[in-house]
Amino acid sequence: MKKRFKLLATASFLVALTLAGCNATKSTDSVKNDAASAKPNEVQTLTVYSAGPDGLAANIQQAFEEKTGMKVEMFQGTTGKILSRLEAEKNNPVADVVVLASIASMDGLKEANQLQSYKEAENASKMNPDWSDAEGYYYGYSASALGIAYNTKNTKDIPSEWTDLAKAQWQGKINIPDPSLSGSAVDFIYGYTEAEKSAWDTIQAWKNNGLQVNGANKEALDAVITGDKNATISGVDYMAYKAKASGEPVEIVYPKSGTVVSPRAVGIMKDAKNVEGAQAYVNFLLSDEGQKLVTEAYLLPGNHDIAVKDRAALDEIPQLNVSWKGSEAKQLDILTKFNDIFR
Amino acid sequence: MIMESRRSFGLLLTIVATFAIAPLIAIVYYTFVHDGIFDVSQFSRMFANERLWQTLGNSLLLGVLVILGTTILALPMAFIRTKTTLQKYDWLDIVLTIPFMTPPYIGSMGWILFMQNNGFLQQLVPGTAWLSDAFFSLFGMVMVMSLHLFPFLYLMLKNTLLRINGSFLDAALIFGRSSLRNWLQVILPLLISSYVLGILLIFIKTLAEFGTPATFGSRIGFQVFTTEIHAYLSRWPVDIRMATSLSVFLLSVCLIIWYFQNLIGRKFTYSVLSGKTPAAREIKDKWFIQLGSWFYVGFVLLFAIGIPYFSIIVTSLQKVRGDGLRAGNFTLASYQAVFTSGSAGLTAFINSVVFSIFTAVITAIIGLFIALYIKKGETKKQQLLDFFSLMPNIIPGIVFVVGLIMFWNAPWLPATIYNTKAMVVVTYCVLFLPYAVQYTKSSLSQLDQSIFQSAAIFGRNSWDVYRAIIIPLLMQGILAGMMMTFIISMRELVAGLLILPPSVETGATFIYSQFEQGNVGIGMAVAVITVAMTVVFMFLLNWLQRWGGHVRA
């Protein structure tokens with residue numbers, strides 16, 4: 001009997017330790033969630049999945065928390081990572097708000113019935129209608145324009161056209177962010193190939209000129225900053241402006257024939273637990289305060305009335321004629337085609 | 001005794017099964033069952049994809065080449081460290097393990113920054129541009145991975161050689177003919193069994209490696225299993241079923257390799273561990289052997305540590321990265337940014353430390369009980385538990401991670417730890433349990449049976465025997481296992497990338513995301529801090545092992 005008791009004691013000790021180890025880390029989270037569901041009027045948590053930019057997301061989070069007293073749980077990743085996380089979590093959804101760097105993907109979420117509409121958002125009418133959903137499922141609160149980011153020390157002839165980069169002097173000196181990682185790079189390939197008939201020929205010419213597909217946006221730009229490459233095609237402009245501001249030898253040009261402006265959109269998940277908080281978050285992003293934070297990260301604001309900071313304004317950027325409605329399915333084909341060329 | 005009862009077997013098996021086996025079953029289930037019906041269409045879809053074969057070919061080719069690379073590095077090093085005057089410099093062993101302890105993605109980033117066009121090499125030595133082209137190829141990738149993995153093979157070979165050194169060599173000297181024949185007929189056959197085991201583990205580690213393929217491989221367009229699985233899980237468009245199918249396939253490949261290794265291993269097993277401690281004999285080398293040895297060691301250290309760390313440290317100190325190596329372009333700003341309280345980097349680093357401590361403690365406890373149960377693995381049940389607990393060693397981490405995600409997201413679970421920090425700890429525990437089990441098992445095997453017998457006679461009851469005698473004797477091994485688990489948890493990347501809950505980052509994912517979106521300088525600063533702490537821990541570990549040795553002697 002005694003022996004058996006001791007065995008049980010050891011066993012329960014072992015299990016208790018294992019569970020304790022798990023619970024100790026878990027408790028803080030679950031306590032918070034319980035509190036949120038039990039007393040809706042006290043501190044609530046809001047879960048936001050946000051596709052960068054790193055500094056901006058953190059600033060917005062901080063300002064929003066100060067303003068509303070709500071606690072924000074933030075998951076940051078590339079657009080691709082966030083979409084895959086949403087997919088993996090289908091059985092127990094966690095996110096209340098999603099912020100993606102690609103309208104096409106956002107539209108895809110809407111089509112897949114994963115978003116809910118919020119037509120009454122404050123300042124909704126001030127947002128650029130080209131970037132937002134007419135039914136209020138998502139709002140393009142900011143945008144980046146895609147250009148050619150080049151290294152000012154190593155570049156003699158500044159490129160002025162996309163086709164320039166197919167010339168011999170750029171052999172082995174160009175890269176592009178990987179469209180399967182970067183939402184804006186998919187937008188670029190989509191917009192460019194929709195608007196320009198000869199786009200695929202140019203892309204093939206880049207490939208023949210040694211175009212390297214280089215990870216996410218920052219990785220591609222980093223190669224230019226450190227001088228490994230001379231220019232990034234479809235470089236996101238706000239990153240280039242930011243690097244330039246910190247003294248890096250980098251500059252961005254927008255080809256005269258036009259480029260793609262890639263909006264970043266915010267939407268509320270259909271399964272959001274904290275709908276009220278999610279709406280407050282959207283309102284904050286669209287507010288003048290939120291829009292100012294956007295401009296401080298060198299992005300284009302969704303509200304045209306807010307002045308840009310140290311960068312080209314929207315009407316100074318030549319644009320290709322691109323429509324984002326229903327673009328997700330087409331983007332998939334384009335991505336496959338792109339991958340077939342480069343892999 | 002406690003650990004022999006049927007119940008403890010049941011309990012231990014339940015723990016191991018829930019955490020390590022269930023995820024594997026979840027992968028297989030998710031791959032083959034669709035809406036409750038058995039369905040192989042998913043799996044055949046994978047085989048229809050041409051890229052699968054290319055990926056398989058790439059992975060296997062890489063594995064073979066890395067075996068070659070690590071052999072070239074490790075074998076001479078093992079001989080130098082046992083047969084020449086360099087054998088007395090034990091600090092070399094710690095230095096030589098630094099490359100293995102360096103997170104692989106950081107090591108390869110260091111190499112990339114050094115070798116790339118306009119990189120540090122070209123700034124230091126103009127006119128070396130042609131080297132860059134040669135480097136950014138499969139050759140460079142194999143070199144970077146071999147430099148990372150060779151310490152593992154080296155330590156295995158060196159330990160075997162040390163054991164052979166004793167009575168076998170004496171016998172060979174007395175009865176053998178030429179020294180060449182002694183080598184060929186005595187030493188080499190004795191080395192083979194541990195070499196085969198070593199290269200098998202190298203092969204599996206290469207298949208399981210994510211960091212280098214993700215950074216270096218993606219640059220040269222060389223896709224392997226781990227990057228493909230990760231891509232299907234985290235790139236748009238997401239295809240989870242494809243990821244699980246690939247995981248099942250990778251799992252099968254590893255199990256087959258492991259099976260063959262077992263066949264070969266059994267054929268060449270000799271008992272080299274006789275009770276006698278080999279007497280260290282005085283060695284005198286000719287000057288050219290000594291010079292050559294030092295030259296070789298210096299050369300390896302330069303490539304394995306010098307170059308990557310040069311790039312990492314310089315990058316963490318640079319003011320304007322576009323200005324390269326230039327006086328006045330250095331600052332401690334990145335470190336300042338990291339050590340500002342509440343900075344993302346510091347928070348991530350502390351998260352890593354906390355997760356790693358939890359992992360080390362939990363695996364040590366479970367590992368102790370498993371080791372006590374397994375003992376020498378004489379019964380079928382003991383062997384089964386042994387196999388299960390060491391399985392994470394032969395199965396790539398990403399397979400377990402995918403399985404854990406599938407398992408903990410299953411709709412029928414009443415409660416889930418997914419999206420909590422507990423998930424991270426559980427994943428780490430599953431991945432690193434083998435280290436705890438192995439360390440405890442090996443120190444258990446050093447205890448003589450007589451200790452158990454006398455304890456059984458004089459001890460009051462079995463609990464006391466464990467508490468007062470066995471566990472204290474094992475403590476040194478347990479602590480060593482904990483340190484090892486801690487170090488390895490600190491650098492785990494792919495698990496973190498896939499399972500971390502919102503708002504939580506570990507040091508490794510923080511560094512990785514700095515390359516993707518943020519500030520590379522700060523990422524490198526966190527890397528330097530992590531590695532510095534790892535090295536301190538390694539010296540502690542070494543001190544601990546020696547201190548234990550002295551006490552016993």
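As a predicted model, its local features need pLDDT of at least 70 and side-chain atom pairs count only at pLDDT 80 or more, while totals for chains, interfaces and linings use all residues. Residues are numbered from 1 along each chain as its sequence is written, and chains are lettered from A in the order in which they are written.

Colleague: How many helices and strands does chain B have?

Modeller: Helices (H or I, at least four residues) and strands (E, at least two) are DSSP runs, numbered from the N terminus. On that basis, chain B comes to 24 helices and 2 strands.

Colleague: What is the radius of gyration of chain B?

Modeller: The radius is taken over C-alpha atoms, and the globule rule is 2.2 Å times the number of residues to the power 0.38. For 553 residues that rule gives 24 Å, and chain B lies close to it, so it is as compact as a globular protein of that length, with a radius of gyration of 25 Å.

Colleague: Why is helix α4 of chain A described as largely enclosed by the rest of the structure?

Modeller: A residue is buried if 20 or more other C-beta atoms lie within 10 Å of its own, exposed if 12 or fewer, and partly exposed in between, with C-beta atoms placed from the backbone. The buried residues of α4(A) include Ile103(A), Met106(A) and Leu109(A). The helix is largely enclosed because, of its 9 residues (103-111), the number buried is 8.

Colleague: Which helix gives the most to the side of chain A that touches chain B?

Modeller: Taking two residues as in contact if their C-beta atoms, placed from the backbone, lie within 7 Å, 52 residues of chain A are in contact with 49 residues of chain B. With 13 residues, the helix that gives the most to that side of chain A is α1(A).
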